[in-house]
Amino acid sequence: MANDETEWSSVSLEYYHLPQPGETPELCFDHYAIAVTLGQGFQLDWKIDGVAKGRLQRQMLFHGGMTLVPMQHAHSGAWNQPHEGFAISLKPELLTRNAAELLAVDQVELLPQKPLYDPFILQVGLALKADLESRRPGGRLYAETMATALAVHLLRNYSAHTHKSVNYLGGLSTTQLKRVIDYINDHLEQELSLEKMAAIAQLSSYHFCRSFKRSMGLTPHQYVIQQRVERAKVLLKDQKMGISEVATACGFSHQSHLNRHFKRLTGVTPNFFSKS
């Protein structure tokens, strides 16, 4: 199971099932990679440049255990029994965009790690996996928000650089907020981009998310869903479109996504609302 790269521009997730013991050749990625174990544990023999002088290490990995591989670090591994999990790939640009504000550097260097357990990475990965399995109800904006949060977490906890971020204590200015809200309203039926909104506010994606929530009480993704449901109410009452057409006109990729969010926010289904 893998996402469509054209919809998730900076992150991808792939589910894997390895049905028997095996091993990989020595690999060296041009991106950052995290492999997360789900279900049954297994023994991992693993080595990576920068940890224990590149010598082989043996460790048991159970549910939630993971390997974090920075780009351009040679690594290889072998496992002793069947197991499954998912792999997250992050493009280097995702981390670089946030590093300037978070670390005051223009070059990113994540340190290679021994196999580890990180609840935050697991939570983000499972959220992206659930979104894929539900045919992406969150859309590109949701994935970009989660990917940005993951990138910031990696920079804060696994970077070779000291954290020197600028704190934005307030929300967006009146001008910033108006420009972003106008952009959302004008493009509500389209796939909205977190990067575009952040650029309009002239902030990094991470600081934009924090500032927007301080101003609106909602994340950008939550606000967009709320506005799409509000537009759906108007179109449903007008009764000139079917429910599937309303879903498309409001930016939902499937009628089932409209149904889910509409009922969650209003307590009734679109069909019931249109007839009431």
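User: What stands opposite Ala-35 in β8?
Analyst: Ala-35 faces Ala-87 there. Strands here are DSSP E runs of at least two residues, helices are H or I runs of at least four, and both are numbered from the N terminus. This is a predicted model, where local features need pLDDT of at least 70, side-chain atom pairs count only at pLDDT 80 or more, and totals for chains, interfaces and linings use all residues. Residues are numbered from 1 along each chain as its sequence is written, and side-chain values use heavy atoms, with hydrogens and water left out.

User: How many bridges pair β3 with β8?
Analyst: Seven, with β3 (residues 32-38) antiparallel to β8; pairing takes at least two DSSP bridges.

User: And which residues does β1 span?
Analyst: Strand β1 covers residues 11-18, and eight bridges tie it antiparallel to β8, residues 83-90. In that pair, His-17 sits across from Glu-84.

User: Is Cys-250 buried or exposed?
Analyst: Buried, because its relative accessibility is 0%. Cys-209 is buried too, at 15%. Buried means under 20% relative accessible area, exposed over 50%, and partly exposed in between, with a 1.4 Å probe and protein chains only.

User: Last one: at what angle do α7 and α9 pack?
Analyst: About 95°, with the axes of α7 (residues 220-238) and α9 (residues 255-266) 10 Å apart. Axes are lines fitted to C-alpha atoms over the stretch in contact, with angles from 0 to 180 degrees between N-to-C directions.
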